[in-house]
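Please read them with the structure open.

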Amino acid sequence: MPNPKRKMSKTRRDKRRTHYKATAPSMGTCSNCGELKLTHHACSSCGYYNGRSMFIPKN
Amino acid sequence: MRHRVRGRKLKRTASHRAALLKNLSAALIKAKRIKTTLAKAKELRTFVEPLITKARVGDLHSHKQIMDLIKDKDTVKELMSNVIPTVGDRPGGYTRVVKLGRRLGDAAEMAMIELVDFNEVANAKAAANKEKKSAKAESKKKKNEVEDANVVEETTSK
Ligand SMILES: [Zn+2]
């Protein structure tokens, strides 16, 4: 079976990993309370989605 | 290849999956709104919606077929006596899934699934909006009539 000839140096490994980045979730503001919320999700502070109240949050 | 293979396995065996859907649908019919993972909520739709349509037939055969799937007398009773009359003649689309964000612990995407006709909060708002709209249209109509009357008066005074 073919195998790597050389050990991958830490530098090479880490250089490859410089492109591994986390992206921030896309957020929007709630049309009802103006709070920051995830897009296509119900608002976690007021329970509104798509301009309508879906439920009343417990706290 | 799994091209066009429908449905989610939910990491369960066929019998485990059937039991899960039976329990979830019983919970939904009893509580009208449940919180579960997004995948389960979406899978539940394809299970409960045909069930409700089937329950509408209301004869002994459909009753037995539903009993065979849910296997709980109280739930079937609730479905037949309470859910079916409230749903009325809605042409499908009895449920609504709304995403809620990720769960702490395993970061699973959570969702709320509910029976559309039982959401008092959303339905009350929609009804209020409808009333407002019709009231607006009415006042607009009246305004136009008043203006017409004014025009008539002007022409007669001259
Ligand atoms: Zn909000």
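1. Start with a cut-off. A residue counts as buried if 20 or more other C-beta atoms lie within 10 Å of its own. T75(B) has 21 other C-beta atoms within 10 Å, so T75(B) is buried. Keep in mind that this is a predicted model.

2. Where does T75(B) lie? T75(B) is part of helix α4 of chain B. Leaving out residues up to four places away in sequence, T75(B) touches A26(B), I29(B), K30(B) and I70(B). A27(B) is 48 residues from T75(B) along the chain, and their C-alpha atoms are separated by 8.4 Å.

3. Next, the helix pair. Helix α2 (residues 38-57) of chain B and helix α4 (residues 73-87) of chain B have axes that come within 10 Å and cross at roughly 100°. On the α2(B) side, the contact is made by I52(B), A55(B) and R56(B). On the α4(B) side, L79(B), M80(B), V83(B), I84(B) and V87(B) make it. The residues of this contact divide into seven nonpolar, no polar and one charged.

4. Now the sheet. In chain B, three strands form an open sheet, in the order β1-β3-β2, with antiparallel pairing. β1 (33-37) and β2 (95-102) of chain B stand at the edges with a single partner strand each, so one side of each has no neighbour in the sheet. From one strand to the next, the twist averages 25°.

5. A closer look at one strand pair. β1(B) pairs with strand β3 (residues 109-115) of chain B in the antiparallel sense, over five bridges. R33(B) stands opposite E114(B) in β3(B).

6. Which helices meet the sheet? Helix α1 (residues 14-31) of chain B packs on the sheet and touches β1 and β3 of chain B. The direction of α1 makes about 145° with that of β1(B). α2(B) lies across β1, β2 and β3 of chain B, and runs at about 170° to β2(B).

7. On the contact between the chains: how many residues does each chain give? Chain A gives eleven residues and chain B gives ten. On the side of chain A that touches chain B, the residues divide into six nonpolar, four polar and one charged.

8. Last, confidence. The mean pLDDT of chain B is 88, and 87% of its residues reach 70 or more. The predictor gives the complex an ipTM of 0.78 and a pTM of 0.79. Where pLDDT is low, the predicted coordinates should not be read in detail.

Key. Residues numbered from 1 in each chain as written. Chains lettered and ligands numbered in written order. Predicted model: local features only at pLDDT ≥ 70, side-chain atom pairs only at ≥ 80, totals over all residues. Axes fitted to C-alpha atoms, helices over the stretch in contact; angles between N-to-C directions. Helix = DSSP H or I, 4+ residues; strand = E, 2+ residues; numbered from the N terminus. Contact = placed C-beta atoms within 7 Å. Nonpolar A, V, L, I, M, F, W, Y, C, P; charged D, E, K, R; others polar. pLDDT = per-residue confidence, 0-100. Pairing = 2+ DSSP bridges. Buried ≥ 20, exposed ≤ 12 C-beta atoms within 10 Å, placed from the backbone.
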